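Hi,

Here is the structure I promised to pass on.

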Amino acid sequence: MSTAEAEYVAATHATKEALWLHKLLRELMPSQLTLPTTIYCDNQAAIKLITSDNYHSRTKHIDQRYLFVRDMASKGIIDFVYCPSEDQVADVLTKALPKWKAASHANALGMRHACGGVMD
């Protein structure tokens, strides 16, 4: 499985989560629901797979269940936007990062130490 295909699978899970959150928000605060929901992706090839209908021999084995991501994007429910890896602030929640990068991303997310100070 190529990196783009792995990202495509990850995009599928992110789309499922976004749809679940849409349902929850629609019940709790219907006036706050705005579409499309933006999902930031650091793989341009995966975004190309999602947004185009081009068929390639390398992508022929992508399971049918993952094609609903393309359907949600075409309906305007989900919008995939390229974000370079170094700007992915959520990486602090999922990866081991150097201290300076972890502090920068945590600060960008608004995360603070329990004592109230900004992460060093």
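Predicted model: local features only at pLDDT ≥ 70, side-chain atom pairs only at ≥ 80, totals over all residues.

First, a term you'll need throughout: I call a residue buried when its relative accessible area is under 20%, exposed when it is over 50%, and partly exposed in between (1.4 Å probe, protein chains only). Helices (H or I, at least four residues) and strands (E, at least two) are DSSP runs, numbered from the N terminus.

Residues are numbered from 1 along each chain as its sequence is written, and side-chain values use heavy atoms, with hydrogens and water left out.

**The overall picture**

The protein chain has five helices and two strands, and from the N terminus on they come in the order α-β-α-α-β-α-α. Of its 120 residues, 27% are buried. A contact here means heavy atoms within 4.5 Å. Taking contacts between residues at least 6 apart in sequence, 62% join residues at least 24 apart.

**Helix α5 and His-105**

Helix α5 spans residues 99-108, and its buried residues are Ala-102, Ala-103, His-105 and Ala-106. Part of what covers them is α4. His-105 has a relative accessible area of 4%, so it counts as buried. Leaving aside neighbours within four places in sequence, His-105 is in contact with Glu-86, Gln-88, Val-89, Asp-91, Val-92 and Leu-97. Just after α5, Gly-110 takes a positive phi of about 80°.

Not counting residues up to four places away in sequence, Gln-88 touches Tyr-40, Cys-41, Asp-42, Cys-83 and His-105.

Gln-88 also turns up in the largest pocket. To find pockets, a 1 Å grid is laid over the protein atoms alone: a cavity is a set of points where a 1.4 Å probe fits but cannot get out, whereas a pocket is an open set with protein on both sides within 12 Å along at least five of seven lines, and lining residues have an atom within 4 Å of a point. The largest pocket has a volume of about 410 Å³; here grid points are joined across faces, edges and corners, and the volume is the space filled by probe spheres set on the points. Of the 16 residues that line this pocket, Ile-39, Tyr-40, Cys-41, Gln-88 and Ala-90 are the closest to its centre. At least two lining residues come from each of α1 (3-28), β1 (37-41) and α4. By type, the lining has nine nonpolar, three polar and four charged residues (Ala, Val, Leu, Ile, Met, Phe, Trp, Tyr, Cys and Pro count as nonpolar, Asp, Glu, Lys and Arg as charged, and the others, Gly among them, as polar).

Which residues of helix α2 (residues 44-51) are buried? They are Ala-46, Ile-47, Leu-49 and Ile-50. Seen down the axis of α2, these fall within an arc of 155° (taken from the directions from the helix axis to the C-beta atoms), so they line one face of the helix. On the other side of α2, Gln-44, Lys-48 and Thr-51 are exposed. At the N-terminal end, Asn-43 caps α2, with a side-chain oxygen 2.9 Å from the backbone nitrogen of Ala-45.

Tyr-82 in strand β2 touches Asn-43, Gln-44 and Ile-47, among others, not counting residues up to four places away in sequence. Tyr-82 is partly exposed, at 37%.

**A cis peptide bond**

Finally, look at the step from Leu-35 to Pro-36: that peptide bond is cis, with omega near 0°. Pro-36 lies in the loop between α1 and β1, and Leu-35 lies in that loop as well. Pro-36 is partly exposed at 39% relative accessible area, and Leu-35 is partly exposed at 47%. Setting aside neighbours within four places in sequence, Pro-36 is in contact with Gly-76, Ile-77, Ile-78 and Asp-79, while Leu-35 is in contact with His-22, Gly-76 and Ile-77.

Cheers

Definitions and conventions
Polar contact = N/O pair within 3.5 Å; in protein donor to acceptor, adjacent residues only side chain to side chain.
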